[in-house]
Amino acid sequence: MPLSFSEFTDFCGVEFASGRPIGIALGGEPVLFDEMLTRYLEYGGMPAIASLKTTQAQHSAYMSGVYEAIAVRDIINRERGKGKSAVTDSSLLRHVAEFLADNIGNECSSNGIAGALTSAGSKTTNKTVSSYVTALEEAFLFYRAARYDPHGKALLKTNPKEYIVDTGFRTWMAGYRVTDLGRLFENAVYFQLLYEGWSVHVGKLYGKEVDFVATKDGRVLYVQATDEMFASETRGREIAPLKAIRDNHEKIVVVRQGSYDTDIDGIRIVSARDFFL
């Protein structure tokens, strides 16, 4: 996997003292945590270009090269080497990857993807799409989060979600039109949990969805990831799914922007700074 956020700050030569929202770069200049996190969400954490000075042009050239290596050498040629014929169209592979990247954190189905691509002019079938999605997962470009039933304590096969291994890929594929940092933030929270050794799933109980159900060494952690909770309606919407779970496992909400009470009805509110660092 690419760098975690804390590793990214190390590569950029920025150090954040405990509890402080402003870090210091090697040259002595101050760096705001919020600006650092935004850069990480937009440009991702690929080690070769992890720098505060990386330009969009440099980022684009690098990500294009990495993607082509993955798509052509690691997927298309590997499939040929195995004697398979399901993944042969690099253009369709790119369309599937772009669709998944645009829909990180959304429920995905092969039927839905095939329908959307066919409507956009890339006629395909759900069976073909399924093969292409599997190939992208096997190349570790996308990670599937299976649905977990907290009530029945079981994994479900329906309605999984896909997360992209590096948010810089998504920004590059979208032509650097970053309009939904909240979705990139959710993606980063998912991978931070993976970095820390959790098995991460998507949860749903009593009609309410929990972003992540993380398990490790017999522990269970319920996690909501949200961009902000300035309005009381937003706070209620984010906390309601966690309150609906009637067990004693830890429940947290990770928030990118704003400052809030650290505990709401027994649910811990964690700032992005504390979560990532």
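Visitor: Does Asp227 count as buried, partly exposed or exposed?

Guide: This is a predicted model, with local features needing pLDDT of at least 70, side-chain atom pairs counting only at pLDDT 80 or more, and totals for chains, interfaces and linings using all residues. Residues are numbered from 1 along each chain as its sequence is written, and side-chain values use heavy atoms, leaving out hydrogens and water. Buried means under 20% relative accessible area, exposed over 50%, and partly exposed in between (1.4 Å probe, protein chains only). Asp227 has 21% relative accessibility, so the residue counts as partly exposed.

Visitor: Which residue forms a salt bridge with Asp227?

Guide: A salt bridge is a side-chain nitrogen of Lys or Arg within 4 Å of a carboxyl oxygen of Asp or Glu. Here the closest N and O atoms are 2.4 Å apart, and the partner of Asp227 is Arg256.

Visitor: How many residues apart are Asp227 and Arg256?

Guide: Helices (H or I, at least four residues) and strands (E, at least two) are DSSP runs, numbered from the N terminus. Asp227 lies in the loop between strand 8 (219-226) and helix 9 (232-243). Arg256 lies in the loop between strand 9 (250-255) and strand 10 (263-264). The pair links distant parts of the chain, and the separation is 29 residues.

Visitor: Is Arg256 buried or exposed?

Guide: The cut-off for buried is under 20%. Arg256 has 15% relative accessibility, so Arg256 counts as buried.

Visitor: What is the N to O distance between Arg144 and Glu137?

Guide: Arg144 is partly exposed, at a relative accessible area of 45%. Glu137 is buried, at 18%. Their side chains meet in a salt bridge, N to O, at 2.9 Å.

Visitor: Where is Lys243, which forms a salt bridge with Asp265?

Guide: The closest N and O atoms of Lys243 and Asp265 are 3.3 Å apart. Asp265 sits in the loop between strand 10 and strand 11 (267-271), 22 residues from its partner. Lys243 is in helix 9.

Visitor: How many residues of strand 9 are buried?

Guide: Strand 9 has six residues and is mostly covered. The buried count is five.

Visitor: How many bridges join strand 9 to strand 11?

Guide: Two strands pair if DSSP finds at least two bridges between them. Strand 9 and strand 11 run parallel. Val253 has Ile269 as its bridge partner in strand 11. The number of bridges joining the two strands is four.
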